[in-house]
Amino acid sequence: MAGIYIHVPFCETRCIYCDFYSTTRSELKSQYVRALCQELRLRKDYLKGEPVETVYLGGGTPSQLAEEDFRQIFETIESVYGLESTHEITLEANPDDLTEKYAAMLHSLPFNRISIGIQTFDDATLKLLNRRHDARQAVRAIAHCREAGFGNISIDLIYGLPGETDSRWEHDLQQAVSLDAEHISAYHLTYEKNTRIYQMLKARRIREVDEESSTRFFAMLTDKLGAAGYEHYEISNFSKPGMYSRHNTSYWKGIPYLGCGPSAHSFDLDTREWNIASLSRYIRSMETGQHTCETEYLDKPTRYNEYIMTSLRTMWGVSLEEVKQRFGTELWQHCINTAEPYIRSGKLKTKNQHLRLSHTGIFISDGIISDLMFV
């Protein structure tokens with residue numbers, strides 16, 4: 001099985017915290033869609049004939065595209081790769097784009113999962129982040145998706161935002177649970193160097209939350225969503241039973257995927273490729289039939305480290321048998337030796353030849369993962 005990721009770089013406005021490649025040049029949408037379809041055709045052999053199980057349109061803001069754009073994309077995927085084995089097709093969307101009419105249009109297409117970037121239900125913070133929606137629009141967007149017939153909705157939240165308090169974060173969690181979404185992703189704010197919010201931090205216009213507060217916010221997250229019946233299947237992701245994101249899980253389980261669009265990454269087990277992060281140069285390269293990308297060849301230690309980093313973040317954990325089969329006895333022994341102190345302290349647990357983070361281990365997961373890596 002394999003996945004296809006499509007990067008849609010268009011945004012009406014830029015959020016101050018986002019460092020993903022995006023552009024406000026909406027006049028290039030038609031050219032982008034033609035170039036994207038050309039890339040999908042040019043790279044038809046990348047997945048080596050593996051059936052496509054998931055398709056994910058991320059961004060940017062994919063909900064800036066129109067119905068005819070989506071139809072071109074799906075017609076190309078269908079003709080080149082087929083969709084008969086595809087079980088999950090996700091669209092990332094902004095709440096203000098999800099009008100009643102737009103949600104109904106999306107449901108008439110092959111999409112069966114919507115991921116909504118809500119981030120917070122606090123209007124003042126949404127304004128600070130330069131988000132285009134308010135809390136009421138977020139709630140209405142979910143209602144419109146339900147009315148259109150979507151039974152698999154994910155919402156994104158960010159915590160540790162400027163001015164975050166226990167009561168504000170608790171309100172966000174209570175609101176998210178009350179909306180009965182099948183999936184919730186919650187990420188701690190990170191200050192990336194090329195973002196406006198990083199500049200605001202350095203200029204001391206805002207303050208970063210302290211480590212103690214961050215730990216408390218994460219504990220509130222796991223407790224509240226656990227009590228509401230959500231499975232904590234990856235450090236930042238929670239779902240109702242069986243409703244985890246198949247596409248994102250493919251990243252964590254090392255399943256091959258093709259990434260199309262400017263800045264999109266691809267993985268075929270042995271290499272990683274990433275497209276040029278420029279919409280105009282991407283369009284020109286596709287118009288001339290030249291796929292412009294950089295490639296990294298993954299040696300065994302790198303593949304082992306990636307497996308540890310992604311697998312240990314999930315509820316499935318690290319399979320010791322898989323480590324031995326894929327990476328050999330030396331790295332298997334390294335994994336066992338470095339895990340042993342954490343097993344004794346209760347930060348890691350073992351069951352059926354799998355290593356998993358314990359409840360307490362999750363809070364120091366970065367350190368555990370780093371120690372298990374091979375350097």
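## A walk through the model

Let's start at D97, which lies in the loop between β3 (88-93) and α3. Keep in mind as you look around that this is a predicted model. Is D97 buried or exposed? Its relative accessible area is 13%, and the cut-off for buried is under 20%, so D97 counts as buried. Which residues does D97 touch, leaving aside those up to four places away in sequence? They are T61, S63, Q64, Y102 and R132.

Now for the aromatic rings. The model has 14 aromatic pairs. Take F70 and F111 as one to look at: their ring centres are 5.2 Å apart and their planes meet at 85°, so this pair is edge-to-face. What makes F70 and F111 handy for finding your way is that they link distant parts of the chain.

Have a look at R43, whose charged end sits over the ring of Y46, 5.0 Å from the ring's centre. You'll find another such arrangement at K324: its charged end sits over the ring of W332, and here the distance to the centre is 3.8 Å.

Time to step back and take in the whole chain. It is divided into domain 1, covering 2-252, and domain 2, covering 300-372. Taken over C-alpha atoms, the centres of domain 1 and domain 2 are separated by 29 Å.

How many residues are in contact between domain 1 and domain 2? On the domain 1 side there are 14, in contact with 11 residues of domain 2. Between them the two domains bury about 1000 Å², with 70% of that on carbon and sulfur atoms. Within domain 1, the residues that lose the most area to domain 2 are Y233, I235 and W252, which together make up 47% of what that side buries.

Two of those names come back in an aromatic cluster: Y233 and W252 form one together with Y244 and W316.

What about charges across the interface of domain 1 and domain 2? The count there is 1 salt bridge. If you look at E234 and R313, you'll see their side chains meet in a salt bridge, at 2.6 Å from N to O.

Technical notes: Residues numbered from 1 in each chain as written. Predicted model: local features only at pLDDT ≥ 70, side-chain atom pairs only at ≥ 80, totals over all residues. Heavy atoms only, no water. Phe/Tyr/Trp six-rings, centres within 6.5 Å; stacked < 30°, edge-to-face > 60°. Helix = DSSP H or I, 4+ residues; strand = E, 2+ residues; numbered from the N terminus. Lys NZ or Arg CZ within 6 Å of the ring centre and 35° of its normal. Domains from an automatic or database assignment. Contact = heavy atoms within 4.5 Å. Buried area = accessible area lost by both parts, 1.4 Å probe. Salt bridge = Lys/Arg side-chain N within 4 Å of Asp/Glu carboxyl O. Buried < 20%, exposed > 50% of the residue type's maximum accessible area, 1.4 Å probe, protein only.
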